[in-house]
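Here's a quick briefing to read alongside the structure. Have a look at the fold, then go through the points below.

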Amino acid sequence: MGAFSSSGTTDELGPDEDPGGGPPGRSADPGSPAGEGGAPGEPPGSELLAALLDGMDAALCAFDAAGTVTHWNREAERVLGWTAHEAVGRNGFAGWAVRRSDADEVRARLMSAMDAPGRQVHEFALLRKDGGRVLVRTQSAGVRGADGKPAGVYCAFSEVHAQIDLERAIALSEALLEDVSWGVVLVDVDLRPTVVNAYAARALGGGRSTLLGRPLGELVVQGVEELEAALHHVLAEGAPTAPAELWVTLRTAEGERRRCWRSGFLRLASPLTEEPVPLGVGWLFRDVTAAKLAEQEADRLRFRTSQLHRAARTASECEDPMEAATALLDFALAGFADHVLVDLVAGDPTPGDPTPGDPAAGGRLVRTAGTPSDGPGPCLLVAGGSIPVRYGPGHPALQAVERTGSVRTSAGAGASGGPAWATERRWPGDAAHALCTVLRSRGRTLGALTFLRAANRAAFERPDAAYAETVAARVAGAVDLARAVRRRP
């Protein structure tokens, strides 16, 4: 027996409506058939009103001013088990729908709505026909006759757990569409956003209203095909069993951004039809780009560390130090670059030697080892190895030697890129990205080491330069040892 509250405005019947004990469409005669309307003498349209009352999702009953039940729809019959024929005409709920000990309080609360403004909300424990009890939440309001005087009360009620479930569902949907820590996008069957929460709007680079109705292809530069395929699959087959990770490139005011979204999908269907009618898809996602990049970097570092370990063990078994140097480079190439070139300073450099490649100083670089220029292959020593490389001024390898550091460069777009860019620098024709680093050992510059990637791969980045310098240090040690062995009498 819960407390009540009231709010809203009292509903009043107009002069053309039934002035009797409740809404039209149910006869107050207990002998009238349940669910019938349109008896002789009833106002036109009573059949329609009776059908509407019986079709309501909420249970509904009405009382006249004396407390007699005048209306009882099918949902009320479903909830409590009493038919309209059994309910209409009874005086209150006492002895059949409410325990006698509670009947007076229930009647007083329900009938108090007849004189009170607005609607009143109560919770009552009612009796089912089979003897069971059910807790219901009611909304009751007074009904006035044509003369404006109180004429009765109507009461809509539903099981409390059903009402709570509905309120939870509404509260959940409203909470999801507020500023939560993941994105929520509702798309229609044409795959256009209809609702976007604040997180999703920030992730997509727009406002919550400006994104509505726009094709996803206007927001996503790359990856939109995979996203739309996932949405089509959900509409046709239902939600996937596990979240999916989608990499997309977004078009923003600051330029294009590559992001990874861990996404879940839900098919939305109308609950008001017998057959499920798809309304669209609910798409929930979180931006996991930072975590995925950190994971990829950890995997890359783990692999490169393993490669260096294997390379060191293999090089330790090589009798010739130069063979050890090429073995180190074969391991370093895996997953890192497509080509590698070793250019050494001609002669036996000593501290303070002229910069290699500087014609005025007499320095020069000689190609000593490298991978095949026409395709993938192992790093091999160049036969003879005494012809200087014709690097022009400002060549990246010469810059690396001059700076005693690393230099990264890539081919530009258009005519300035492509095979001509690589040929001009004396590199294989498929090279599009280069990383040159210096070979130094015992305080002396021994030459330059160049890694090359084809155009279908990403350009070298700072972590790549650090790895290349680690490899160069080991290769320089092997080259220095080879020269020391060669000088031994």
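This is a predicted model: local features need pLDDT of at least 70, side-chain atom pairs count only at pLDDT 80 or more; totals for chains, interfaces and linings use all residues.

**Sheet, helices and one buried tyrosine**

- Zooming out, 6 strands make up an open sheet, ordered 8-7-12-11-10-9, with antiparallel pairing.
- Strand 8 (193-196) and strand 9 (220-222) are the edge strands; each has a single partner strand, so one side of each has no neighbour in the sheet.
- Going from one strand to the next, the twist averages 40°.
- Helix 8 (residues 289-316) packs on this sheet and touches strand 10 (244-252), strand 11 (255-269) and strand 12.
- The direction of helix 8 makes about 115° with that of strand 10.

**Helix 8 meets helix 12**

- Helix 8 also has a helical partner: its axis and that of helix 12 come within 12 Å and cross at roughly 5°.
- That crossing angle is under the 35 degrees cut-off, so helix 8 and helix 12 count as roughly parallel to each other.
- On the helix 8 side, the contact is made by Glu 297, Arg 304, Gln 307, Leu 308 and Ala 312.
- Helix 12 brings Pro 463, Asp 464, Tyr 467, Thr 470, Val 471 and Arg 474 to that contact.
- By type, the residues of this contact split into 5 nonpolar, 2 polar and 4 charged.

**A closer look at Tyr 467**

- You'll find Tyr 467 in helix 12 (residues 462-487).
- Is Tyr 467 buried or exposed? Its relative accessibility is 7%, and the cut-off for buried is under 20%, so Tyr 467 counts as buried.
- Leaving aside residues up to four places away in sequence, Tyr 467 touches Arg 304, Gln 307, Leu 308, Phe 331, Ala 332 and Phe 336.
- Tyr 467 and Leu 308 are 159 residues apart along the chain, yet their C-alpha atoms are separated by 9.8 Å.

**The chain as a whole**

- The protein chain has 12 helices and 18 strands.
- Of its 489 residues, 42% are buried.
- Take the contacts between residues at least 6 apart in sequence: 55% of them join residues at least 24 apart.

Methods:
Residues are numbered from 1 along each chain as its sequence is written. Side-chain values use heavy atoms; hydrogens and water are left out. Two strands pair if DSSP finds at least two bridges between them. Helices (H or I, at least four residues) and strands (E, at least two) are DSSP runs, numbered from the N terminus. Axes are lines fitted to C-alpha atoms, for helices over the stretch in contact, and angles run from 0 to 180 degrees between N-to-C directions. Contact means heavy atoms within 4.5 Å. Buried means under 20% relative accessible area, exposed over 50%, partly exposed in between (1.4 Å probe, protein chains only). Angles under 35 degrees count as roughly parallel, over 145 as roughly antiparallel, 65 to 115 as roughly perpendicular and the rest as oblique. Ala, Val, Leu, Ile, Met, Phe, Trp, Tyr, Cys and Pro count as nonpolar, Asp, Glu, Lys and Arg as charged, and the others, Gly among them, as polar.
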